[in-house]
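The structure is shown first.

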Amino acid sequence: MMPNSFPTTRHTRHIMQAIVYAQNRRITPEQLAAVFTRSGINRPVDDLARMEKMLQHGNLLITAWDGANLVGVARALTDFSFCCYLSDLAVDREYQKNGIGQALIEQVRSAIGNDAMLLLLAAPSAMSYYPKVGFEAVANGWIIPRPSAVAV
Ligand SMILES: CC(C)(COP(=O)(O)OP(=O)(O)OC[C@H]1O[C@@H](n2cnc3c(N)ncnc32)[C@H](O)[C@@H]1OP(=O)(O)O)[C@@H](O)C(=O)NCCC(=O)NCCS
């Protein structure tokens with residue numbers, strides 16, 4: 001965890017130099033749950049069996065690392081040919097607003113290539129984020145919500 005006492009500029013410079021991105025590096029359900037929790041994203045972090053399935057069946061995972069610390073994640077499902085659903089984008093609060101989210105999206109775009117569109121559902125708190133990082137709002141999106149009673 002970054003010390004809070006760092007001045008912003010030094011904090012930012014340190015982070016930008018240190019972050020390493022990895023594609024499909026294996027992480028545990030506990031690590032995924034921890035970075036989700038530290039980001040503030042709403043995901044079923046107390047259900048580790050569900051988290052494990054999310055890792056097992058998602059087929060594109062970009063992770064951001066500060067040394068051995070997992071500080072950001074983009075988890076997606078894609079055919080690398082036509083479409084990609086970006087299910088989870090999350091950055092540890094201590095590391096937010098340093099370009100990590102944008103870098104994770106760029107890594108996803110690079111991995112899926114030019115033939116696949118990138119789709120997502122924005123959390124209310126991120127509605128003004130996605131236009132800043134290249135996404136267009138669509139009027140033709142439709143959803144069938146989860147039939148189960150779980151909230152997320
Ligand atoms: C949304 C999130 C992934 C952004 O990651 P990040 O690493 O902080 O974002 P970046 O540093 O790449 O930000 C890029 C730009 O967007 C801005 N930005 C960051 N978070 C924002 C937000 N929630 N709303 C609006 N703008 C935002 C940054 O200030 C920056 O703008 P600038 O280039 O003018 O300085 C991160 O804040 C997060 O994990 N939030 C909690 C979970 C969440 O809501 N995830 C999205 C679920 S759909």
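## Positive phi values

Asn24 sits in the loop that links strand 1 (19-23) to helix 2 (29-39); helices (H or I, at least four residues) and strands (E, at least two) are DSSP runs numbered from the N terminus. The model is predicted: local features need pLDDT of at least 70, side-chain atom pairs count only at pLDDT 80 or more, and totals for chains, interfaces and linings use all residues. Residue numbers start from 1 along each chain as its sequence is written.

Although not a glycine, Asn24 has a positive phi of about 60°. Asn24 counts as exposed because it has 12 C-beta neighbours inside 10 Å (buried: 20 or more other C-beta atoms within 10 Å of its own; exposed: 12 or fewer; partly exposed: in between; C-beta atoms placed from the backbone). Lys97, in the loop between strand 4 and helix 4, also has a positive phi, near 65°. Lys97 has 11 C-beta neighbours inside 10 Å and so counts as exposed.

Five strands form an open sheet in the order 1-2-3-4-5, with mixed pairing; two strands pair if DSSP finds at least two bridges between them. Strand 1 and strand 5 (117-119) are at the edges with a single partner strand each, so one side of each has no neighbour in the sheet. Strand 1 runs antiparallel to strand 2 (residues 60-66), and five bridges join them. Gln23 has Ile62 in strand 2 as its bridge partner.

## Ligand shell

Strand 4 (83-91) and helix 4 (100-112) each contribute at least two residues to the shell around the ligand.
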